[in-house]
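Good morning, and thank you for coming.

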Amino acid sequence: MELQNTVKEALNALYHHPDDAVRMQADRWLQDFQRTIDAWQVADNLLHDTASNIETLIFCSQTLRSKVQRDFEELPSEAFRPLRVSLNTLLKSFHKGPPKVRTQISLAVAALAVHVPAEDWGDGGIVTWIRDEMSSHPEFIPSFLELLRVLPEEVFNYKIAVRPDRRRNFEDELASGMEIALNVLTACLNVNELSEQVLEGFASWLRLRHRIPASALASHPLVLSALSSLNSDILSEAAVNVISELIHYTAVRNPDEVASQMPLIQAIVPRIMNLKAQLRDPSKDEEDVKAIARLFADMGDAYVELIANGSDESMLIVQALLEVASHPEFDIASMTFNFWHSLQLMLIERNSYVAYGSEASVEAERSRLLQVFRSSYESLVSLVSVKVGYPQDYADLSREDQKDFKQTRYAVADVLIDAALVLGGDATLRILYMKLVEAVSNCGQTDWRPAEAALYSIRAISDFVPTVDGEVMPQIMSLLPKLPHQPQLLQTVCLVIGAYAKWLDGAPSGLSFLPPLIDILVSGMSISEETAAAAALAFRHICDDCKKKLCGSLDGLFQIYQRAVIGEGSFKVSADDSLNLVEALSVVITELPSEHAKKGLEALCSPAVAPLQDIISQGPVVLGQRPARDLTVHIDRLANIFRYVNHPEAVADAVQRLWPIFKAIFDTRLWDMRTMESLCRACKNAVRTSKTFMGVTVGVMLEEIQVLYKQQQQPCFLYLSSEVIKIFGSDPSCTNYLKILIESLFNHTTFMLTKAQDFTARPDLVDDCFLLASRCIRYCPQLFFPSPVFPCLVDCSMIGFTVPHREASKSILNFLSDVFDVANTSQGKPYASIRDNIIIPRGAVLTRILIAALTGALPSSRLETVTYALLALTRAYGVKALEWAKDSLCLIPPNAVTEIERSRFLHALSEAASGGPVNGVMIPIEELSEVCRRNGSVQDIVQGALRPLEVNIVPVS
């Protein structure tokens, strides 16, 4: 009684206390209480207490539902019947009570049925039990109808902590009771006030797919009732749900199964088609129109294979879907978008025509169907392209609404791409060009929106317009300079120019368009940050695709670049967007001969180098005090230059000249992670581009890194070293200094990572350390495996691969997989014996920790990576690995994992050890993971048994 009062007091504080801190404390206490064994009895008592208020009833019903779902195993087996009796009593007592409470109790009873097999439930199983209860107590029928509705939904509720076998058995139990359930629902149809509940229940049971033949359903009273309600003035939401489920029920992907579903399809489709006129009926409620549109969209999605045959009946459905797509409300029109995409795939992909045999027959049928659907997709282009126009009140929209508008445009762009794939890019472009011409004729500063919408649509299909188009594209390019420089319109114009850069390069007249178009981009850089971003991106595309044409115009390009990068005049290009200009000039310089490229590279670097030299010249104190951004904005530009100027020798020379600047920053700003990352990225890009031309500078660079890493363990030093290993790892002349490098870096890193908390504190360091280790395995195994750092890294990985950080954990697991797989490669095979000397003494512990990770020490989202590592270990060590796995599983108590579940898991590993396909062994592994995570208590038992953080390091003799 005292605990019951405490619960009521905590609820009162949670809902009514004025102090936030007190409310939070009450909330925490209540959450902790829900996890206790006492919560069962307290929640049950308070639900039976007629004095309990609504807040108490809601909380206790949720608690009881949650306990049944997650913690049913806490109860002794004999507790089932008293619990069922209590829940049944509550279901009846709340039949006219708060709906939220009744729903929670219904869910609790359904969850109980998931846990308890039909033979243990008694009374013929839960479906028969419900029928009998309704017959005995007709006054409580609404409560039991709700229970009947939620019951099949719980088949797919993975919050219920049951084993996979039991979940499958429960679905079979419901399937065998489906006829009884539908008979109960049918019997209740005659009561008008129950019709909505009955149909909702029917919709729920239909989700147990293909349990009743379609021919039987076609004439079933429940189906006929749902179909007849479509004629009502006010649509029944429950009836719409039923018909939607029936549509999905009859959806088949195998043509051989169509005939069996046809009786039901023929009952459904004409009734839905009769609703087409209501889509345009202004007197119809918007929710009703939305419901009708949903049925048409469901029909399109479910029957797309049938519709794709192009029959007259199919085209009637297509016309109806065009009607939906034309609706002014985007939420309604967009319901059809998935259909147009699916139909496009059916029409375009060759797999759809396999039955036609010869290539000529396939092509003939494909051409026929494309012609059949041509006018539909032409209409679709006209209908959806107008939906991307900026709303009049765009500036006043909230940030969330503006984000939604952008998503709308992306969705329409995808539909236009589908249309372009069916019609061809040139035909789609012609339709959109006519829209643009019409819009431009009305275009002024106040009416720019239609032109912008047309241009946005034209940009969306740019990848599908032939680069040889000489009819429409020249006219569009001629129009662009005539458009007003309204910011949003100019932004889209710039993006169109960038999108059609390949056309400008390929078209015979492309070169003549470049000067006025580049003038537009320069204007865009001066209007606003948004237009400047679009212009800089377009400038990059133009230079990338038209680089050969632009080599002779470098002086003009450099003027634009310098103005934008230095920020002269009215240019509004942000530092981030200026990187597009850096890349643009870099790819043009790449086209120059070597002697000119060196000069071009120097000119390109100059605006970034000069400010750095200026800061360094003021001495180390000033250099150390400047904000990181003052340095990284220039270093990032150099990084992009080194990445995109593909003249290895010129880049190597530039880095050698700039090394004193880099060294000054390395030495003075070692503490500054942001600057170090930027500088290491620049060096990494230089190494990647210059490769062996960087030989001299790389040696100096690596010496610097070793010294600096001892002082400050910046992760970026590891990823820079990783790039060096990739380029120089197999070079015999580099053996000595690379061996010293990796031993120095790994020794310092493993010294810092000696307990689990160290991994949690420095996940970035962990991530880059093990990425470097994996790269050493790949590119210099001859240095890595004989090194004393190899066993240190294996021990380190065992301590840390349950680190919560996703990328750090993934890098460790991938490193272990690479170690286990090393004998699979010709360069790694010679070191398999060294690997075995390290792994075999640790094999039992490694397996135990991997199985712990699989069963809950790591989130289920990492299951694939953990599984691969475990399978790699199993393939490498065969019978030994199976023994390690068996010993690990024996640690788990039988109340958590049964002998059958252990055997399935071990059999799967055995199959993997024998070289069986990975896909074939995944289900038993995934099911063991699910069993061990089914609730918090079981997970605690499993992890307590496997002790993933207890690592017994075995010294190697």
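A disulfide is a pair of cysteine sulfur atoms within 2.5 Å. This is a predicted model, in which local features need pLDDT of at least 70, side-chain atom pairs count only at pLDDT 80 or more, and totals for chains, interfaces and linings use all residues. Residues are numbered from 1 along each chain as its sequence is written, and side-chain values use heavy atoms, with hydrogens and water left out.

How many disulfides does a search of the whole structure find? The search finds zero. For Cys796, the closest cysteine sulfur is that of Cys769, at 6.0 Å, which is too far for a bond. Cys932 has its closest cysteine sulfur in Cys890, 13 Å away, again too far for a bond. Cys796 is buried at 2% relative accessibility, and Cys932 is buried at 0%; buried means under 20% relative accessible area, exposed over 50%, and partly exposed in between, with a 1.4 Å probe and protein chains only.

I turn to the core. A nonpolar core is a set of buried Ala, Val, Leu, Ile, Met, Phe, Trp, Tyr and Cys residues joined through side-chain atoms within 4.5 Å. The largest one has 343 residues, and Trp205 and Phe642 have the most contacts inside it. Helix α50 (residues 863–890) gives the most to this core, with 13 residues; helices are DSSP runs of H or I, at least four residues, numbered from the N terminus.

Finally, Arg409 lies in helix α24 (residues 399–423). Arg409 is buried, with a relative accessible area of 6%. Beyond four places in sequence, its contacts (heavy atoms within 4.5 Å) include Glu452 and Tyr456.

Conventions. Helices (H or I, at least four residues) and strands (E, at least two) are DSSP runs, numbered from the N terminus.
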